[in-house]
Amino acid sequence: MGRYDKYDTKKGVRWYYQTYIKDPRTGKSKRVMKRGFTSRGAAKLACEALEETAKRGKDVFKKVTFKEIAEEFLKKQEKVCKPPTMYSKRSKFKSQIYPAFGEWFIDEITSEDCQEWIDKLEEKISSARDYGIQANLVFKYARRKKLILENPFELVVYAQTKNENSNEDDIFDGFWNKEELYQFLEIAESHTSLHNYVMFRIGLFVGARKGEILALQECDVLHETKEINIRHTMYWDKTAKNYQLLSPKTAKSIRKLPLDDTTYDLLLKLITANKRAKLAAGVIDSLEHHFIFIRDGFRPHRTAYPTETLQALCKRYKLKYIKFHGLRHTHASMLFASGANMKEVQDRLGHARIETTMNIYTHITQETKTDVQNRFMDFMNTTPQNKKSL
């Protein structure tokens, strides 16, 4: 028994049907949906014709749904993409793409359907283009398999433009000026643990990413040169509830970074405290990895931990809030202020592209200009008594 309902499009009201058909290959019922009918009667006739065809024993599932071909595509992607990338991809399909197209036959999805979906998605979220990119890859894959003659996504137009190669480093999460930086350090040193304070200092004085910091092991501290060796990034598989040590984002991200004397001494103090705790628990010889930043059970932290901890501290002491990645941008701003050139900052931060470094520099200089203007006007508006402000 079919279900019929209407929906609005730019060309007026359209109808769709939804029914369940038993798949003779699996014996299980599958939901089948088709849209685009101009009336309820037309949708009902098409649905009844499909149900009658199935009753006669004919296989109506020779066509494949978008979800079926998408799952096939994603399994191939797992062979070439890292787990964090796959988690992000699957999250996009589950949250937005499958609800829109999952049960549709892939050869019946039109350019109009794709454009309408993107238009509505752009009204809800700013990253609509990221979802469109993933859906487009499935249609490209289907065309290569000759399941469709044309890719309906090729004609989609986005209202919001964004670089397809964007990543965490392209997103500007704000930064602190020197005064705000030292205010934070003073509070963090007095009102948080040694563990957290060292984590914050490495973000601020070294500029490492949070995944790189959480992946640091005792053997990554190079005592002769007072450097840390960045060679892994931390990834937590939420399904398996376990961590993986992955290679950094790019070859440029594998680097050795110098430590200032204070950060180095504090790091040694933390490592010593960790060793004492492991000796007391009798586990020092049984652990596979000796991470520097550990929680109960001597396990590494979740990747959300640094940002959550920073947010709590900023909220409690009414500090200007930036995400943990903003510590990296603060480090970049201090490098530029100290006279470092673009290439030096790129190497320090481990950016694969100089454009990423330039993007951060642009944001920093724009915000600095605004700050200078605001301070100028505050000064000018502090006028002598009985004088009108500007």
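The structure is a predicted model. Its largest nonpolar core has 45 residues, and a second, separate core has 32 residues. Helix 4 and helix 5 pack with their axes 9 Å apart. Phe298 and Lys318 are residues other than glycine with positive phi values.

**Packing of helix 4 and helix 5**

- Helix 4 spans residues 111-124 and helix 5 spans residues 128-144; the angle at which they pack is about 155 degrees.
- Helix 4 is therefore roughly antiparallel to helix 5, since angles over 145 degrees count as roughly antiparallel.
- The crossing of the two helices is right-handed.
- On the side of helix 4, the contact is made by Cys114, Trp117, Ile118, Leu121 and Glu122.
- Helix 5 contributes Ala128, Tyr131, Gly132, Ala135 and Phe139 to the contact.

**The largest nonpolar core**

- Within the core of 45 residues, Phe184, Ile202, Ile228 and Phe293 have the most contacts.
- The helices that each supply at least two residues of this core are helix 6 (178-191), helix 7 (194-205), helix 8 (210-214), helix 9 (261-281), helix 10 (305-316) and helix 11 (324-337).
- Strand 5 (227-230) and strand 6 (233-237) also each supply at least two residues.
- Helix 7 gives the most to this core, namely six residues.
- Leaving aside residues up to four places away in sequence, Ile228 touches Ile202, Val206, Leu216, Asp220, Val221, Arg255, Lys256, Leu257, Leu259 and Leu267.

**The second core**

- The separate core of 32 residues includes Tyr16, Trp117, Leu121 and Phe139.
- Trp117 and Leu121 of helix 4 and Phe139 of helix 5 also take part in the contact between these helices.

**Loop residues with positive phi**

- Phe298 lies in the loop between helix 9 and helix 10, and its phi is near 60 degrees.
- Phe298 counts as buried because its relative accessible area is 19%, the cut-off for buried being under 20%.
- Lys318 is located in the loop between helix 10 and helix 11, with phi near 55 degrees.
- Lys318 has a relative accessibility of 75% and therefore counts as exposed, a class that begins over 50%.
- In summary, Phe298 is buried, whereas Lys318 is exposed.

Technical notes:
Residues numbered from 1 in each chain as written. Predicted model: local features only at pLDDT ≥ 70, side-chain atom pairs only at ≥ 80, totals over all residues. Heavy atoms only, no water. Axes fitted to C-alpha atoms, helices over the stretch in contact; angles between N-to-C directions. Helix = DSSP H or I, 4+ residues; strand = E, 2+ residues; numbered from the N terminus. Parallel < 35°, antiparallel > 145°, perpendicular 65-115°, else oblique. Left-handed = near helix turned anticlockwise from the far one by under 90°. Contact = heavy atoms within 4.5 Å. Core = buried A, V, L, I, M, F, W, Y, C linked by side-chain atoms within 4.5 Å. Buried < 20%, exposed > 50% of the residue type's maximum accessible area, 1.4 Å probe, protein only.
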